[in-house]
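Here's a quick briefing on a protein model, written for someone just getting started. Have a look at the structure, then work through the points below.

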Amino acid sequence: MDLVNHTRTQSFLLAGFTTTGALRPLAFLGTLCIYLLTLAGNLCIIVLVQADSRLCTPMYFFISVLSFLELWYVSTTAPTLLHTLLHGRSPISPTVCLVQLYVFHSLGMTECFLLGVMALDRYLAICRPLHYQALMSRQVQLRLAGATWVAGFSAALVPASLTATLPFCLKEVAHYFCDLAPLMRLACVDTGWHNGLHGAVIGVATGCNFVLILGLYGGILRAVLKLPSAASRAKAFSTCSSHITVVVLFYASAFTVYVGSPGSRPEGTDKRIALVYALLTPFLNPIIYTLRNKEVKEAMKRVRVRIRTMLKEA
């Protein structure tokens, strides 16, 4: 990596992935297709929840909020990934780099809190069915959704602001977007204290939410096992299976990258793992919530029928 003087006007270089020859356009087109399908899939879920009255439930409200979040989450990093795949190493200004860092982590922390709220919703639906509508009223849904965004964007201020104060002596970011670990490696000073604080903030936030989710699903498991028939138990579990799949994908990759010392992993590992939680997970979420959900499939059929009817009448 190139040595540079620490100035306010210096630019970073996003290294991206090393692709040559025929692989470069194939990698670009493949990533572009995944990105566009991610946008289309999440937009489809948002439209379905708004268009079909049978999906106007707390569970689908939170799924639509997650889809809205994923639109911004994937759009924070996919453009720089596409640019580095097409053009190789790409310059990025420190301001844009730090904004990307903050927005990406804010949305990631928001998703972390939102997954906890979604687990709470499933717990109340299964364990408190008689009081569910009162406990999860529309006003409560909006407040919980709003709280996840406020908490996420507030928690991300700590790592982003500390990173912004560092002096940087190197400029090549070994990643396809500005993330904590690659930026820490560019600093002129020892970042051990920063790494510890970053790990503590992110670890506490994700860890507490993960423990909450485990506790809520422990309660759900106990309640489901008390149900009298196998059919009722299967139905109860089916409403949670999609959420559990998303939680496993999100937390497995997040803990791998952000909990622990960045120096303990070989350089380049972070950007490969990042493809899972920054690109693959937002792409898979709409698939998980549609292919495994009969209500969503039926809603898609009803909306298609309504569209055809409107077109015929027109």
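Leu-183 touches Phe-12, Cys-97, Leu-101, Thr-163, Phe-168, Val-173 and Cys-178, leaving aside residues up to four places away in sequence; contact here means heavy atoms within 4.5 Å. This is a predicted model, so local features need pLDDT of at least 70, side-chain atom pairs count only at pLDDT 80 or more, and totals for chains, interfaces and linings use all residues. Residues are numbered from 1 along each chain as its sequence is written, and side-chain values use heavy atoms, with hydrogens and water left out.

**Around Leu-183**

- You'll find Leu-183 in helix α7; helices (H or I, at least four residues) and strands (E, at least two) are DSSP runs, numbered from the N terminus.
- Leu-183 is buried, at a relative accessible area of 0%. The cut-offs are these: buried is under 20% relative accessible area, exposed is over 50%, and partly exposed is in between (1.4 Å probe, protein chains only).
- Val-173 sits 10 residues from Leu-183 in sequence, and their C-alpha atoms are 6.4 Å apart in space.

**The disulfides**

- How many disulfides does the structure hold? There are 2, where a disulfide is a pair of cysteine sulfur atoms within 2.5 Å.
- Buried or exposed? Cys-97 is buried at 0% relative accessible area, and Cys-178 is buried at 0% too.
- Cys-169 and Cys-188 form a disulfide with sulfur atoms 1.6 Å apart. Cys-169 is in the loop between α6 (157-164) and β3, while Cys-188 is in the loop between α7 and α8 (192-225), so the pair ties together parts 19 residues apart in sequence.
- The link of Cys-169 and Cys-188 is right-handed, with 115 degrees about the S-S bond.
- Cys-169 is partly exposed at 25% relative accessibility, and Cys-188 is partly exposed at 35%.
- Count the bonded cysteines along the chain and the disulfide pattern reads 1-3, 2-4.

- Cys-112 is buried, with a relative accessible area of 1%.
- For Cys-127, the closest cysteine sulfur is in Cys-240, 8.8 Å away, which is also too far for a bond.
- Cys-127 counts as buried, at 16% relative accessibility.

**Segments from the UniProt record**

- The unreviewed UniProt entry lists several stretches as "transmembrane region", including residues 61-82 and 142-162. UniProt positions are given in the numbering used here, feature names are shortened, and annotations may be inferred rather than shown by experiment.
- Over residues 61-82 the chain is 100% helix and 0% strand, with end C-alpha atoms 31 Å apart.
- Over residues 142-162 the chain is 95% helix and 0% strand, with end C-alpha atoms 31 Å apart.
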